[in-house]
Amino acid sequence: MNAPGDVPIPPGAWLGLLGGGQLGRMFCMAAQSLGYKVAVLDPGNDSPAGSVADQHVHADYLDPAGLARLASLVRAATTEFENVPARALEFLSRRARVSPTAESVAIAQDRMREKTFLAERGFALVPFAILATADDARAADPALAPGILKSARMGYDGKGQLRVHTAAEFEAAYRAMGNVPCVLERFVDLACEVSVVVARTASGSTATWPVAENRHRDGILDLSIAPARIGAELAERARDIAHRIAEALDYRGILCVEMFVTRDGALLVNELAPRPHNSGHYTIDACVTSQFEQQARVMAGLPLGSTRQHEPAVMVNLLGDIWFAGGSSPAREPDWTRVLRHPQAKLHLYGKSEPRRGRKMGHVTCLAPSVDQALDVAREIRRDLGIARAADTMGSTA
Ligand SMILES: Nc1ncnc2c1ncn2[C@@H]1O[C@H](COP(=O)(O)OP(=O)(O)O)[C@@H](O)[C@H]1O
Ligand SMILES: [Mg+2]
């Protein structure tokens with residue numbers, strides 16, 4: 001028997017989304033192509049999701065009138081960013097089916113709660129300490145140096161993080177962060193980083209996509225390679241961890257689990273994202289069902305689609321920096337024909353009008369019969385777009 005949350009909502013109905021960024025835009029497009037109407041609540045003016053939504057409710061996330069308007073339109077609602085106030089999801093859950101739940105989002109949006117939740121359930125993590133006060137910082141285990149101090153809330157793309165070289169710096173770093181609750185982590189020598197996106201329905205069916213291998217530059221995802229170049233046994237373990245975390249959270253929706261692979265082959269959970277993830281963008285072009293279509297399926301109480309990958313893929317992020325390539329000032333629109341001339345490259349632009357350095361403006365997914373060939377296409381495209389240091393970040397690792 002279906003759980004109540006699984007009674008299907010047929011195409012033609014309205015689905016709701018909190019947030020107006022690129023993840024929301026790709027969700028809108030996937031849901032619309034299944035025949036759903038999408039309403040987006042977002043305070044921005046010409047946001048990537050708002051501009052493709054069937055209706056844009058222009059309001060702040062905690063504006064009762066805006067939330068009531070969204071709730072009156074839609075039968076199910078979701079979020080595209082983890083810093084959405086949990087109260088907004090709670091409000092919506094009184095009138096519509098909400099996935100993920102406010103509770104899951106509240107855990108994933110707070111590094112302290114996230115780490116505690118995972119550690120209590122026995123998942124392997126990087127050695128860490130919770131610093132709630134300057135006294136905690138002074139008393140923290142010196143073995144956590146060299147480390148990284150991360151604010152408990154609101155960090156993303158490497159923001160809200162400070163490197164600490166010795167234990168003597170713990171307290172100063174804590175103060176420099178603004179005396180806010182933080183997590184102090186030991187800096188780990190990584191063989192590589194991987195992630196697994198998992199979908200879970202209200203009735204508890206789960207599915208994971210193939211593991212992605214992720215390269216970061218300056219704390220921002222630069223490149224994802226799928227399938228990851230790790231052994232089959234390690235990949236299986238990574239997918240199993242993602243399944244088990246989704247179960248432990250009684251999760252509903254799309255969840256990404258970021259993990260570290262250490263030099264001695266251990267898998268450590270880094271962090272959770274309670275939504276589709278940048279490292280899962282390859283699923284749009286390389287898998288039977290994308291992470292965004294799956295998000296709509298879970299919301300609508302439909303069965304999960306197949307997560308099978310039909311071709312190896314390399315996803316290259318397109319940051320605002322490309323608009324300033326070669327010292328260009330003011331910003332200059334890149335020559336997209338240089339990407340489009342590659343028959344195996346799929347260009348996705350998010351419709352953001354203002355390019356800024358470090359801002360995610362789009363991505364390209366390169367498809368090929370092998371990962372190495374897909375990397376070759378990616379390398380060529382990066383060179384053509386003038387993305388600096390392409391060669392030295394794309395060699396093989398694990
Ligand atoms: N303890 C650590 N040891 C080594 N590298 C780390 C550690 N923590 C973070 N990093 C690096 O910084 C990146 C961003 O950190 P993360 O905790 O994932 O924050 P964000 O929310 O910004 O993604 C990671 O993907 C990884 O490359
Ligand atoms: Mg991260």
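**View 1. Strands β4 and β5 form a parallel pair joined by two bridges.** The model shown is predicted. Within the pair, Ala77 stands opposite Val98 of β5.

**View 2. Strand β4 also pairs with β1, again in the parallel sense.** Four bridges link β1, residues 14–18, to β4, residues 76–79. Leu17 has Thr78 as its bridge partner in β4, and Leu18 has Thr79.

**View 3. The side chains of β4 point in two opposite ways.** Ala76 and Thr78 point one way from the strand, whereas Ala77 and Thr79 point the other way. In a regular strand, side chains alternate between the two faces of the sheet. All four named residues of β4 are buried, which means that each has under 20% relative accessible area.

**View 4. The five strands make up an open sheet with parallel pairing.** Their order across the sheet is β3-β2-β1-β4-β5. The edge strands are β3, residues 55–57, and β5, residues 97–98. Each of these edge strands pairs on one side only.

Conventions. Residues numbered from 1 in each chain as written. Chains lettered and ligands numbered in written order. Predicted model: local features only at pLDDT ≥ 70, side-chain atom pairs only at ≥ 80, totals over all residues. Heavy atoms only, no water. Pairing = 2+ DSSP bridges. Buried < 20%, exposed > 50% of the residue type's maximum accessible area, 1.4 Å probe, protein only.
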